[in-house]
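Hi there,

Here is the structure I promised to pass on. Have a look at it first, and then read my notes below.

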Amino acid sequence: LHSRYGVVNLTLQKFGLIHQPIFFLTDTSVVWLSIILVIVWRELPFAVVTFLAGLQSIPRELYEVARIDGADWIHELRYITVPLLKPVITIIGFMITIWTFNNFVYVWLFTGGGPGDFTHVLGTGVYLESFVNYKIGYGATFGVIMTLIMMIFAIVYFTTFFKRSESV
């Protein structure tokens, strides 16, 4: 993502899509998009492989019986595939949300929280307050706030999931 030597800029310039390099990590209009794309690039293989395993675990006989009963692909998707993939969807959604929320590495390595304070997240706040400003109490406070937010998310997420699974 380097503006002068990065593969992305060189490739875009080679194909004539851009004439000037894009400053992916210093331009506030694209910095968050750049970080998000890298996170998606990292998490997508895990999600795809997990969904593939979930899809392969669904017995083919269910689809055959549904077709015999006259179901089209929308009904198969709605009444067979999605309900049987709910545990996979729940786990993947929960894990990727936690990993993304607690993401410190990409933000810190790419931008250090910059330009300015534009890309600071709670994880960088914990690090800055604890190890740069030596205010361990403030850093711990950020950590507790992160934990509370994730607990609230987990409660809402699983409550919603189990309500839906009981009604289906």
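First, a term for what follows: helices here are DSSP runs (H or I, at least four residues), numbered from the N terminus. This is a predicted model, in which local features need pLDDT of at least 70 and side-chain atom pairs count only at pLDDT 80 or more, while totals for chains, interfaces and linings use all residues. Residues are numbered from 1 along each chain as its sequence is written, and side-chain values use heavy atoms, with hydrogens and water left out.

Let me start with helix H5 (residues 105–111), where Tyr-106 and Phe-110 sit 4 residues apart, about one turn of the helix. An α-helix has 3.6 residues a turn, so residues three or four places apart point the same way.

Now the aromatics. Rings of Phe, Tyr and Trp (its six-membered ring) pair if their centres lie within 6.5 Å; planes under 30 degrees apart count as stacked, over 60 as edge-to-face and the rest as tilted. The structure holds 11 such pairs. In one of them, Phe-94 and Tyr-157 have ring centres 6.1 Å apart and planes at 25°, so the pair is stacked. Phe-94 belongs to helix H4 and Tyr-157 to helix H7 (residues 136–167), so this contact ties together parts that are 63 residues apart in sequence. Phe-94 is buried at 17% relative accessible area, whereas Tyr-157 is partly exposed at 22%. (Buried means under 20% relative accessible area, exposed over 50%, and partly exposed in between, with a 1.4 Å probe and protein chains only.) Tyr-106 and Phe-110 form a tilted pair, 5.9 Å centre to centre with 45° between the planes.

H4 is worth a look of its own. Among the buried residues of H4 are Ile-80, Leu-85, Lys-86 and Val-88.

Two backbone details to finish: the peptide bond from Gly-114 to Pro-115 is cis, with omega near -5°, and Pro-115 is in the loop between H5 and helix H6 (122–132). Tyr-134 has a positive phi of about 55° although it is not a glycine.

Best wishes

Conventions: Helices (H or I, at least four residues) and strands (E, at least two) are DSSP runs, numbered from the N terminus.
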